[in-house]
Structure formats: structure tokens, C-alpha cells
Amino acid sequence: MKKQKLAVVFAALLTMVGFSSCLNGETDPTVSPQEFMKVNGGVGYYSFTSSLGYTITPANMSALKDVQLSTSYAYVIYSYDSSLMEWNEDKSATINTAVGIRDGWAMPRATVEEDGNAPILSLQNNIGLISYFYPAYYDKYNLFIPITYYYDSSEESGEDIDTHSFALYYDSEEASDKGTLLMHLRHKVINPAIKREKTNTESVHFNIAAVLSAYTAKTGISMPDKIVIEYEESQTSSYDNTTSDKLEIEYKSVFEENIANN
């Protein structure tokens, strides 16, 4: 079982990367945080809300005129002068990157054979300090999981990446360790006959509110100690050769630590 412990709940604190350089003997106060943020507004009127409550308004809104964010969340890298603004206040900042996060589903029911028809290569990449490639929470109900999967990049397949979907399933009748919320991740594609040889990694958003409600109703426990995600893994794109693997991430201690720090 692969384990990934999240040190803090909020993606905003997972990676706060500042670019520092010496200019005329002084440190450049420009910092460039990167975090999962809630998307507000539309094209020309975007703003982004952090899991810690503050909102970023793009200082370079015109540069985002061609950015279509049709998802509820985005991974945002932005820059501002830390000598003029506090990190936890609403502010106007330069948006360097804003990538929409695909929405998956989380359902309180047992998984069936028809729920999946494609394998997953991995659920985490752990690439340096880039928090996009780590499991993260926006809050107690919104979870981001980095998924690496196979896709076809040939012209004949068109936009194959758009034909992939991901869902988490929780079976309240399935046995699991006390304090463990066990969910099954399934990957489905529209045309499973396509030969997929390239890999793509993206963070997928899951709202697990309904699952947590079902878990509490069954166990009487409001917050599980940890979340375990079982998935069908394969080192090839063939769905016939999958094996069951699991990813374990902390839950209760993550939120208790955040409360203690505030």
C-alpha cells in the first residue's frame, strides 16, 4: 500500500514558492504561491478564492481573456509584492498560470463491473515542490487526487483526454478497519478499444460530502482517521492485466492540526 501523509489540510500551505534574487544588495520581495483555488466569475471577471479564505483578483485580467475555466476549481500560480501585501489578505496579483481541475464523482454505493473499463498507472507522482502532483484537500469535503493514466495522442482519436472520467465509490456494507474510509476509484473511457500508449497526469477534484454522510450514518464516526483509495493499477494500457493497489492519506489529523494552528 502506498502512503501519502498530508502535513496540512490546505493546498495553499503545501507549496508557497517565492522567487528571491539579489537586486542592488536587496532581496526581491516578489513571491509566487501556487495552490488549488475556487473559481469565481467568468471570462474577463475571474477571481480565485483560497482554502484559507482570501480572494485573488487578477491584476492582468486582459491576459486571461482566452482562458476558459468551466470547472469549480483551478490550480493557480500567482505573483505579488510581499512587502506591500500580507499573504492572507484579499489582493490583486499577477496570474501566471490558471489550470482548470477536472471534476470526478464520489458516490455512496458499491462499485460494479460496468463502473470501470480502463486502468490507472499511478495515483501520485510527488514531483518536487509542485503541490499539483500531491493529494490535497480544499476543505473537509473537497479532495484533489493526482491520477496518471494512459491516453492516445494520435490525430485519429481527437481529444482522447476529454473522453476519460473518474469516480469514487463507497460501499457502507463493505468491511474496513475502524476509522478507515475505504473508497474504490474507477476509470472509464468512451472507447476502450483505442490503443493508448502515452501517459498523462492530472489532478482530479472529488466532492466527498455524500460519501462522508453515508460513512457517518453507518459508523457513527464524523471524521475518519484516514482515507484509503483502492484502484485498478497496470503498467500497461491493457485493462485485462490490472491489479488492485491502494493509496492511503491522512484525514482527521490533518484537520485537527489546522484547527490547533489557528
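Mentor: Here is a walk through the cores, the rings and the strands.

This is a predicted model, where local features need pLDDT of at least 70, side-chain atom pairs count only at pLDDT 80 or more, and totals for chains, interfaces and linings use all residues. Residues are numbered from 1 along each chain as its sequence is written, and side-chain values use heavy atoms, with hydrogens and water left out.

Start with the whole chain. The chain holds three helices and 18 strands. Both are DSSP runs, numbered from the N terminus: helices are H or I with at least four residues, strands are E with at least two. Of the 262 residues, 46% are buried. Buried means under 20% relative accessible area, exposed means over 50%, and partly exposed lies in between (1.4 Å probe, protein chains only). Contact means heavy atoms within 4.5 Å. Among contacts with a separation of 6 or more, 70% join residues 24 or more positions apart.

Now the interior. A nonpolar core is a set of buried Ala, Val, Leu, Ile, Met, Phe, Trp, Tyr and Cys residues joined through side-chain atoms within 4.5 Å. The largest one has 30 residues. Those with the most contacts inside it are Leu-123, Ile-145, Ile-147, Leu-185, Phe-206, Ile-208 and Ile-227. Elements giving two or more residues to this core include E13, E14, E15, E16 and H2. E13 gives the largest share, five residues. In soluble globular proteins, nonpolar side chains tend to be buried together.

Look at Leu-185. Leaving aside neighbours within four places in sequence, its contacts include Ile-120, Leu-123, Ile-147, Phe-166, Phe-206 and Ile-229. Glu-230 and Glu-232 are also among them. A second, separate core has 16 residues, including Tyr-46, Leu-69, Tyr-78 and Ile-95.

Next, the rings. Rings of Phe, Tyr and Trp (its six-membered ring) pair if their centres lie within 6.5 Å; planes under 30 degrees apart count as stacked, over 60 as edge-to-face, and the rest as tilted. The count comes to twelve aromatic pairs. Take Tyr-149 and Phe-166. Their ring centres are 5.3 Å apart and their planes stand at 55 degrees, so the pair is tilted. Tyr-149 is in strand E13 (residues 142–151) and Phe-166 is in strand E14 (residues 164–169), so this pair links distant parts of the chain, 17 residues apart. Tyr-149 is buried, with a relative accessible area of 0%. Phe-166 is buried too, at 1%.

Tyr-170 and Tyr-215 make an edge-to-face pair, 6.2 Å centre to centre, with 65 degrees between the planes. Tyr-170 lies in the loop between E14 and strand E15 (180–189), and Tyr-215 in helix H2 (residues 209–219), so the pair ties together parts that are 45 residues apart in sequence. Both tyrosines are buried. One aromatic cluster is formed by Phe-36, Tyr-73, Tyr-75, Tyr-138 and Phe-144.

A charge can also meet a ring. The rule asks for NZ of Lys or CZ of Arg within 6 Å of the ring centre and within 35 degrees of the ring normal. The charged end of Lys-91 sits over the ring of Tyr-54, 4.7 Å from its centre. Lys-91 also lies over the face of Tyr-80, at 4.7 Å from that ring centre.

Last, the strands. Two strands pair if DSSP finds at least two bridges between them. Four strands form an open sheet with mixed pairing, in the order E10-E16-E13-E12. Strand E10 (102–103) and strand E12 (136–137) stand at the edges with a single partner strand each, so one side of each is left without a neighbour in the sheet. E10 pairs in the parallel sense with strand E16 (residues 198–207), over two bridges. There, Arg-102 has Val-204 as its bridge partner.

Elsewhere, strand E5 (residues 30–40) and strand E8 (residues 73–81) run antiparallel, joined by seven bridges. Glu-35 stands opposite Val-76 in E8. E5 also pairs with strand E6 (residues 47–49), antiparallel, over three bridges. Val-39 stands opposite Phe-48. The hairpin of E5 and E6 has six residues between the strands, and Gly-41 takes a positive phi near 75 degrees. E8 in turn runs antiparallel to E9, with six bridges.
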